[in-house]
Amino acid sequence: MKLKDARKVIETDVLVIGSGMAGLRAAIEARRAGLHVLLVDKSLLGRASSSIYAGGLGLEILPKHLPYHGAGEKKFASYFNGTIEEVFKKMLEEGVSIGWGYPYIDNQRILMTVACDYKLRQEELRDFGVEDPYSQHFIGRPVSMGVPIILPMVNHFKKMGGATLEKTVVTDLIRQKDRVIGVIGFEMDRQRFTTILAKATIVATGGCAQVYKRTYSPTRITGDGYAMAYRAGAELWEMELVAFCNWTIAEPKCPQWWIPFSYGRVSGKLRNGLGEPFFERYAKENGWLGPNATLNDDDVMDVRYGKPLTELDHYFWRACSMEIREGRGDQDAVLLDLRDVPEDRWYYENDGITALNEMRNFDWKKKPLHIAPAAEKQAGGIYTDEYFKTSLEGLYAAGEAGPGVSIPFCIVSGACSGRYASWYAREAPPVRLRDEDIKWIEKKKGELQRLFVVEPTEAGEPRSIKKDIKETMWRYVGTLRTEKELEKGIQELNRIEEERLPRLFAREMRSLREACEAANMITVSKMIAESARFRRESRGLHQRLDYPREDNLNWLKNVILQASEGGMRLFTRPVELIWLRPDRG
Amino acid sequence: MLDFKYDIDQEACIGCEKCAEVCPTMAIDFDAEKRKAYVLDIDQCLVCHQCLEVCPVGAIHMSGGLWQNDIRM
């Protein structure tokens, strides 16, 4: 197979890579500013990630009247419903909106933007044809909850006259001095190599949770944006902060799907492989219990442990991982016992558990369900300032690819980056390929073409390389980390990179995409492992067994990562404590 | 207990790859040589119905299981 050349170079004002929530929102915003916008996706528009996951919007900003979250529903449902100051404080301390749990090391300016802006941005979704931004009408869809939000946005963008390219894989950013002037990649359907020149480029490729064996992210979430920004020399930050979700099914012959916050689930009991309760033990040791914890199994979890569920979720995965690590799990999982949950607590009975397991002949009313933590999202990402501009001129980042994560963050960062990028594109000098750029593009094209020539072997099979990366990451760079394991993990990743990457091959366009993804996954995995080794403390999502304390004296700073001639360069940058600072340390 | 069945009609399939593109768990894969989509691992199916929504020729048949319309509140 041979890649053809596109007839001509595509030119646009603003290029958006990725058509999830953030990418679509950015594209719409840039188009609103009256510029020519091209939206590129490596799969089908809007179908890759957010269609499945935008349910988060419903969960995080849930209407108060639904008796959905148990006794603590008010506290949870109103998570984003406080005043700007309250929301800002909660986000910073618990890191839920932007980072999902890395207290105090967020960019406070970005957090403030999200706190001020998310309500407006959510209401604004109505302008794009989203019937109900508060997502009541898709409660009850166990999966693909994002469809009612994403598809209207895709249609809206097309109606506005936005240009789109589906199934077009962006492989690299073209860098000219300190500016990104476009991208190269290939169109799968036309089987051709493409160059796109853009005055401003927005990366909205999403996260990288697929580098883990246990994850419920869609298959295409392989961290391509991180890897290409890294190769272009942009700064990335806080890559060690991977969010894990405890409530993920670990039954054999069943997808690793998460169990939604339903009244029934929060009435369940957590047990280890021996059938003993264990969360209470860890909670007492570490002071995770609230002052009014009843510790009564008949109560729902937030009453039982005296804290809101959002906060408890930070502790559940730690306790479960610890229990599994100490060998008290059952088949690398713990058990969620739902047998004694009274019928009337299944108010919201058609949730994910019901829908998934009834059709798999699994009855959670008869035996306990295996659950275990799984990678959910990447809280770090491409470093940006509060204007969502990266360390390179003309390159912007939004959503999970950018500095944060979560749906409120996606709509806010999408809108802001789209607006700032279009202002930049309006003023920026025109882009033109120089001779050395053309040479570099030819070289990159040669590298892609070479994948078709390599002799197909077992060692070079993209899917098997992916599988190896996933196993390695889960084993050595998983939920609970130690220096020794991280080092072993880095060694293993280096070994995969040196031994297997040169043998990577592709047969046709689909496997060419898989090959590119596998190569990106290695880069991203190494970033996560190296950053995790670098941060010698435990903070929120990043838990080190050898440095179990949060160390505000030495580590109240950001870990920044950048490509340099000698390989990966890691350094820290102090956090600007503009409005709030931690009480202790 | 529901009897869940999933099937891609190989004769009707026109090889547009759409279902394999949207499948979030790789339950469906695409055979590039035969130019047909096929079920790789039905155990991974999340029943998200995205493949049904995108298939232009209705080659995908799903029966049993809860339909999303049924389970909306």
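Guide: What follows is a walk through selected salt bridges.

This is a predicted model, in which local features need pLDDT of at least 70 and side-chain atom pairs count only at pLDDT 80 or more, while totals for chains, interfaces and linings use all residues. Residues are numbered from 1 along each chain as its sequence is written, and side-chain values use heavy atoms, with hydrogens and water left out.

A salt bridge here is a side-chain nitrogen of Lys or Arg within 4 Å of a carboxyl oxygen of Asp or Glu, and the search of the whole structure finds 62 of them over all chains.

Arg121(A) and Glu124(A) form one such bridge, at 3.2 Å from N to O; because they are three residues apart in helix H6 (residues 108–124) of chain A, about one helical turn separates them. Helices are DSSP runs of H or I with at least four residues, and strands are runs of E with at least two, numbered from the N terminus. Both Arg121(A) and Glu124(A) are buried, where buried means under 20% relative accessible area, exposed over 50%, and partly exposed in between (1.4 Å probe, protein chains only). The two also belong to a network of salt bridges that includes Arg25(A), Asp117(A) and Arg419(A).

Glu240(A) pairs with Arg535(A), their closest N and O atoms being 2.6 Å apart. Glu240(A) lies in the loop between strands E8 (236–237) and E9 (242–245), and Arg535(A) in the loop between H17 and strand E17 (543–544), so the pair ties together parts of chain A that are 295 residues apart in sequence. Glu240(A) is buried at 0% relative accessible area, and Arg535(A) is likewise buried at 0%.

Technical notes. Chains lettered and ligands numbered in written order.
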